[in-house]
Amino acid sequence: MTRIIRQAALPWLLGGVGILTLLLFWWAWLGPLDGLGRLGNLFTPQATLASLTELLRRAELYEHIAASLQRVLVGLGLALLLGIPLGLLVGASHYVEWATTPVFQFLRMISPLSWMPIAVMVLGVGNKPIYFLLAFAAVWPILLNTASGVKQLDPRWLQLTRSLSATRRELLFQVILPGIFGNILTGVRLAIGILWIILVPCEMLGVSSGLGYYILDTRDRLAYSELMAMVVLIGFLGFFLDALARIAYRRWAKG
Amino acid sequence: MTSPVLEANNLMLGYADGAGWNPVLEDFSTSLQAGEIVTVLGPSGVGKSSLLRVLGGLQSPQRGDVTLFNQPHKKPHPRVAVAFQDPCLLPWLNLEQNVGFGLNFASQPVHSTAQRKEKVAHALEAVGLTHARRRYPKELSGGMAQRTALARCLAREPSVLLLDEPFGALDEVTRGEMQALLIDIVKARHTAVLLITHDIDEALQLSQRVLLLGGAPATTLNEWSIDLPYPRDDHIEALGLLRIDILKTLRHSSRKVTNDLIKGDLACA
Ligand SMILES: Nc1ncnc2c1ncn2[C@@H]1O[C@H](COP(=O)(O)OP(=O)(O)OP(=O)(O)O)[C@@H](O)[C@H]1O
Ligand SMILES: [Mg+2]
């Protein structure tokens, strides 16, 4: 019994040790920067933690977090709206697949951030270019996972549905979509990871809210301990989002 | 005699096999009346499941045609229910939902939710799975899955029931119960049933006609009519004689196939 508990606790324990090691490196690494004097002190874990607790008490921070999360959600929503239908088409037809694969692989390899100047030129400053860039980044994992899900669908399910004289609509909503739900969830999880990484640089341009904007703001105010606190916070939120997506997937897989 | 519900005329069927051609069925004809149970017997790989798909409108024959209610039958029909060899349950639906799957499709007669529920409950009761109705397919035994698939067909109250080895995974007692259920349903609803099996006893217990498929490509080697009342436990002797006759025909055909194969090999050499 105790052995089972010990085994279950081991990953968590080692994970904690890993985090502590990271903190230790952070702390030790700032030693040689002593020359920076007072400035170096602003980057230490202690200063960061103090700033973080102070930041967490400000209502302003939550507005920035809300703005960022809202953008991620809109970006993800757009990516789903675009990626699922396209993925269904690609998965259902070899011709569509052959015609689109090189295009998609080409577009996918361009960092979405490269589109930033063009997006701002076309869509103006504000949220719109950010939505566009986020959706553009997140659409690929959703599209590709949807397509591979359709290709892996059990042909016997399709035969059964056909034998029941199903319409195309019934086939889509009662067999194909439920049948590829796991693939879509996998796509969403990958998309969230990408979205969160792209989000911060996207918010450094032309908006006055969000975590990316706030990072630049702390820099301009020379509030370096706050900057470090923001970096840590972004990591935490990303970690949390990913955990959420993973739990959702596991809950579904257990079904 | 009334006109048949389902009729197959001179079916020929085969599959592309690499660059060549694998002929499976040759010149198969039969007809199915309302209220009749016909079994198709035949060795593994002879083409029984392929035949069933053609009769279900799921696959086109290379030659010949199928008519349903005297109309050309080229695509699945809502009055025809097919139980495939594999139970083919949808893993995201529980047992009850699997049985009800398809009942609300546009091609089906319009029923209220309450009516559909009742049909599902009824079918579940008939196959004895009411207690497990909330379970998911992965929590079912092979026999339970097979009975669920049968219930899915029964819930639609079809005019024609095409069953591909529907009782293969069941124990003796349950199989007997399901056979009795099938006989009851045919009596009550006048359903036309075509049942595939490789169990001679099952064919003898259930059918008014037995078709024996054999050869390569397969044809109907012989056909027996069994005009005995149900249940047939009191007619063991008559059935025993039939059994021997069927077995003989079967053995003879398989020997012939083997001989043909050997001859073919020699001819090649
Ligand atoms: N989709 C297919 N493509 C190519 N060949 C097929 C296909 N389905 C069946 N066959 C071939 O057709 C022949 C008959 O197959 P079928 O499944 O109809 O046999 P069966 O009588 O149902 O056998 P069993 O009793 O084992 O279920 C076999 O030689 C098989 O290899
Ligand atoms: Mg078969």
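The dialogue below treats the ligand site and then the interface.

Author: This is a predicted model, in which local features need pLDDT of at least 70, side-chain atom pairs count only at pLDDT 80 or more, and totals for chains, interfaces and linings use all residues. Residues are numbered from 1 along each chain as its sequence is written, chains are lettered from A and ligands numbered from 1 in the order in which they are written, and side-chain values use heavy atoms, with hydrogens and water left out.

Reader: How many residues surround ligand 1?

Author: A residue is near a molecule if one of its heavy atoms lies within 4 Å of it. Here 14 residues surround ligand 1, and Ser44(B), Gly45(B) and Lys48(B) are among the closest.

Reader: Which polar side-chain atom lies 2.5 Å from an oxygen atom of ligand 1?

Author: That atom belongs to Ser44(B). A side-chain N or O atom of Lys48(B) is 2.7 Å from an oxygen atom of ligand 1, and for a polar side-chain atom of Ser50(B) the distance to a ligand oxygen atom is 2.6 Å.

Reader: How many residues does each chain bring to the contact?

Author: Contact means heavy atoms within 4.5 Å. Chain A provides 18 residues and chain B provides 23 residues.

Reader: Which side chains meet in a salt bridge?

Author: A salt bridge is a side-chain nitrogen of Lys or Arg within 4 Å of a carboxyl oxygen of Asp or Glu. Between chain A and chain B the count is one; Arg156(A) and Asp86(B) form the salt bridge, at 2.7 Å from N to O.

Definitions and conventions. A polar contact is a pair of N or O atoms within 3.5 Å; within protein, one must be able to donate a hydrogen and the other to accept it, and residues adjacent in sequence count only if both atoms are side-chain atoms.
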